[in-house]
Structure formats: structure tokens, C-alpha cells
Amino acid sequence: MMTDDFTIGNGLRQGYGLAPNLFNVALNYVITQLSVEVKSTIFYQSVQLLGHADNINIMRRKKGPVSELCEKLKDRAKEVGLNVTVEKTKAKVQNNHK
């Protein structure tokens, strides 16, 4: 069943075939601008950022907030038209010490 035409004011139409590729290009630019090491493991870096699909994990080796990096990520993403959905954002603490 076909629908009537509609105007797209911002972003891409849902299900648009190039959307994932365009998102990856934009996200790669954002991550590059953050100057965070993404190639080595957390064992060799104090902070690491990992991206997969539309999820980003920010890890720290030592105790402390990652809020500064989160804010930088939000600001850089906004520059290219990406928005961080606060409602979907989660912070988790993992402690290996018993």
C-alpha cells in the first residue's frame, strides 16, 4: 500500500538504505575530533571509546567521571547534526575488586 508524499524537514527517512553508512561517516568524524585513543586496549590507555552501530561505550581504567568526555561527544555530534538521546544514555560502574 502506498502512502501520500510527505515532506522531510530534518534527517533521513526511516529505513533509508544509506542511513547507516552516512551515520558511520558522521560518527567516525566525531570520534576523530575527540582525540581519544580507539585502537589499543583499555590496558594501555586511561580512557577508551568504543563504537558499534549506534552505541558508544566510554571506559576508564581508574575511578572518575567520564562526564567531560560525554559532553565533548555531545557537542561534537551536534556540530554534524547527530543528537545524543539522553533518555537512552546509561552509566555503569564495574568493580573487579572484592
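Trainee: In which sense do strand β1 and strand β2 pair?

Mentor: Strand β1 (residues 47–52) and strand β2 (residues 55–60) pair in the antiparallel sense, over 6 bridges. Two strands count as paired if DSSP finds at least two bridges between them. Strands (E, at least two residues) and helices (H or I, at least four) are DSSP runs, numbered from the N terminus.

Trainee: Where do these coordinates and numbers come from?

Mentor: This is a predicted model, in which local features need pLDDT of at least 70 and side-chain atom pairs count only at pLDDT 80 or more, while totals for chains, interfaces and linings use all residues. Residues are numbered from 1 along each chain as its sequence is written, and side-chain values use heavy atoms, with hydrogens and water left out.

Trainee: What pattern does the protein chain follow along the sequence?

Mentor: The pattern is α-β-β-α, from 2 helices and 2 strands.

Trainee: Where is confidence lowest, and where is it highest?

Mentor: The lowest mean, 74, belongs to β1, and the highest, 86, to α2. Across the protein chain the average pLDDT is 77, and 76% of the residues score at least 70. The pLDDT is the predictor's confidence in each residue, from 0 to 100.

Trainee: Changing topic, which residues make up the largest nonpolar core?

Mentor: This core has 12 residues in all, among them Ala26, Leu27, Leu49, Ile58 and Leu73. The elements that give two or more residues to the core are α1 (19–33) and α2 (67–79). The largest share, 4 residues, comes from α1. A nonpolar core is a set of buried Ala, Val, Leu, Ile, Met, Phe, Trp, Tyr and Cys residues joined through side-chain atoms within 4.5 Å.

Trainee: What does buried mean?

Mentor: Buried means under 20% relative accessible area, exposed means over 50%, and partly exposed lies in between (1.4 Å probe, protein chains only). Buried residues make up 14% of the 98 residues in the protein chain.

Trainee: How many salt bridges does a search of the whole structure find?

Mentor: The search finds 2. A salt bridge is a side-chain nitrogen of Lys or Arg within 4 Å of a carboxyl oxygen of Asp or Glu. Lysine 72 forms one with glutamate 68, the closest N and O atoms being 3.5 Å apart. The other joins the side chains of arginine 76 and glutamate 79, at 3.7 Å from N to O.

Trainee: How many residues apart are arginine 76 and glutamate 79 in helix α2?

Mentor: They are 3 residues apart, so about one helical turn separates them. Lysine 72 and glutamate 68 are 4 residues apart in helix α2, which also amounts to about one helical turn.

Trainee: Is glutamate 68 buried or exposed?

Mentor: Glutamate 68 is exposed, at 57% relative accessibility, whereas lysine 72 is partly exposed at 41%. Likewise, glutamate 79 is exposed at 54%, and arginine 76 is partly exposed at 29%.

Trainee: Which residues make the nonpolar surface patch?

Mentor: Leu12, Tyr16, Leu18 and Leu22 make a patch of about 350 Å². Patches are made of residues with over 30% relative accessible area and no salt bridge, like charges being joined within 9 Å and nonpolar side chains (Val, Leu, Ile, Met, Phe, Trp, Tyr) within 5 Å. Leucine 22 lies in helix α1 and is partly exposed, at 43% relative accessibility.

Note on methods. Areas by Shrake-Rupley, 256 points an atom, 1.4 Å probe, with all protein chains shown as cover.
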